[in-house]
Amino acid sequence: MFTETDIATLDTPSAEPDFVPSKFAPKSVRGKSVNGSNNSCDVRQEWVLHVRRIRDEKDQLAFAELFRHFAPRVKAFLIKSGSDATTAEECAQEVMATLWHKAHLFDPSRATVATWVFTIARNKRIDVLRKQRRPEPEDLGWGPEAEPDQDDVIALQQETAQLRDAMAALPDAQRELIQKAYFGDLSHREIASQTGLPLGTIKSRIRLALDRLRHAMN
Amino acid sequence: MSKDIKHHLTDDLLMAYAAGSLPEAFDLMVATHLSLCDHCRAQAESFDAVGGFVLDDHEMPLQMGEESLTATMALIAKGEPTPKTVRPSCSVLPTPLQEYVGGDVSAIRWKSIGMGVKQAILPTTREATARLLFIPAGAAVPDHGHNGMELTMVLQGAFSDEVDHFARGDVEIADEDLEHTPVADMSEDCICLAVTDAPLRFNKLMPRLFQPFLRI
């Protein structure tokens, strides 16, 4: 069983800085310790490898690193969305457990790990805070040869980082409205004026990944 | 998967779906459409990525309890909750709808609302209503009033109105201002999913349904 002591034996330096840079900051120092690079694309790639290690080897050290990064963020996200601290803590644990169980479903040619964790946390919020079912689209599934091409994975991860940079350049007021929308504070009518986001490239990339999955199914 | 969907969901609905702020009935509409439309699915997953930034760049990640990792490993050790049974996708109703109906078209519990038109209201939260509509080939859709926003998506057959022709996967977005007369194609009975964010007005209008020609 995993203990706090085990974490201390990780041969990486302190995995988390004491602060998080400003919203959507393109150059992040988070996760630096994981691979000794401050390039956000590399960091994101590294989280992808963490999920692979959980999927392939049930790697508890990889999980502990993901946990230390994402669990506090999930908790903060849930509290911002109206949860009390106790519920948010419990839900964050459940979200991270889901990440472990569903690691085989993660497709890095369609989403970054942060995006994937967000979708799990969002569904948890709908389930627990709004007490509502969450209909999800039909699963495209994984064919026997559906493991994504590494080039596709790198391209998606990089293009998502570019979108993040583009969003960092948005005026503060618009960024705050987007955050409000994702904390569940805006109705879809209020969202209507907030959708002029530069999603084009990443959308094309995801579309290619969907085409690949459709192809694998046929 | 329909390759030739012409009428898509709007960005504000896709973003609200990604943000998780839609009423359940609208979530069901979006999930059903995304099951058929890779164009909108890619857009919705791009909006998920925006959510990823919001989560990841949170200014103050909160400390987890001291034992939280241990507690999570204990949760994991309990095993995965029973996964949902996956229903076959080659059917009239995409998977998310089948989960509400309990099967494909044959499992729908229709109720007649007159003129051969039938409906089945699906169990969602009450902020908005989702229902399946059956319109016999060649028949007109009775007016049920657009008090708020109404989305209608074709699942089988097709219909036409003053706006355009709508086939499987196409979504018509109607608000209070739209006056239209949808008529099902002659070739096949039409089945639609309709979602509205205002209370249904069908019952008040029942007498009108028995008029020989519907004022729509």
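**Notebook: chains A and B**

I started with the interface: 68 residues of chain A are in contact with 55 residues of chain B. Contact means that the C-beta atoms of two residues, placed from the backbone, lie within 7 Å.

I noted that this is a predicted model, where local features need pLDDT of at least 70, side-chain atom pairs count only at pLDDT 80 or more, and totals for chains, interfaces and linings use all residues. Residues are numbered from 1 along each chain as its sequence is written, and chains are lettered from A in the order in which they are written.

I looked up which helix supplies the largest share of chain A's side touching chain B: α4(A), with 10 residues. Helices are DSSP runs (H or I, at least four residues), numbered from the N terminus. By class, I found 38 nonpolar, 13 polar and 17 charged residues on that side of chain A. Ala, Val, Leu, Ile, Met, Phe, Trp, Tyr, Cys and Pro count as nonpolar, Asp, Glu, Lys and Arg as charged, and the others, Gly among them, as polar.

Next I checked two helices of chain B. α1 (residues 11-19) and α2 (residues 24-36) pack at about 110°, with axes 10 Å apart. Axes are lines fitted to C-alpha atoms over the stretch in contact, and angles run from 0 to 180 degrees between N-to-C directions. So α1(B) is roughly perpendicular to α2(B) (65 to 115 degrees). B:Leu13, B:Leu14 and B:Tyr17 of α1(B) meet B:Phe26, B:Asp27 and B:Val30 of α2(B).

Last, confidence. Chain B averages a pLDDT of 84 (the predictor's confidence in each residue, from 0 to 100). The complex gets an ipTM of 0.87 and a pTM of 0.85.

Conventions
Angles under 35 degrees count as roughly parallel, over 145 as roughly antiparallel, 65 to 115 as roughly perpendicular and the rest as oblique.
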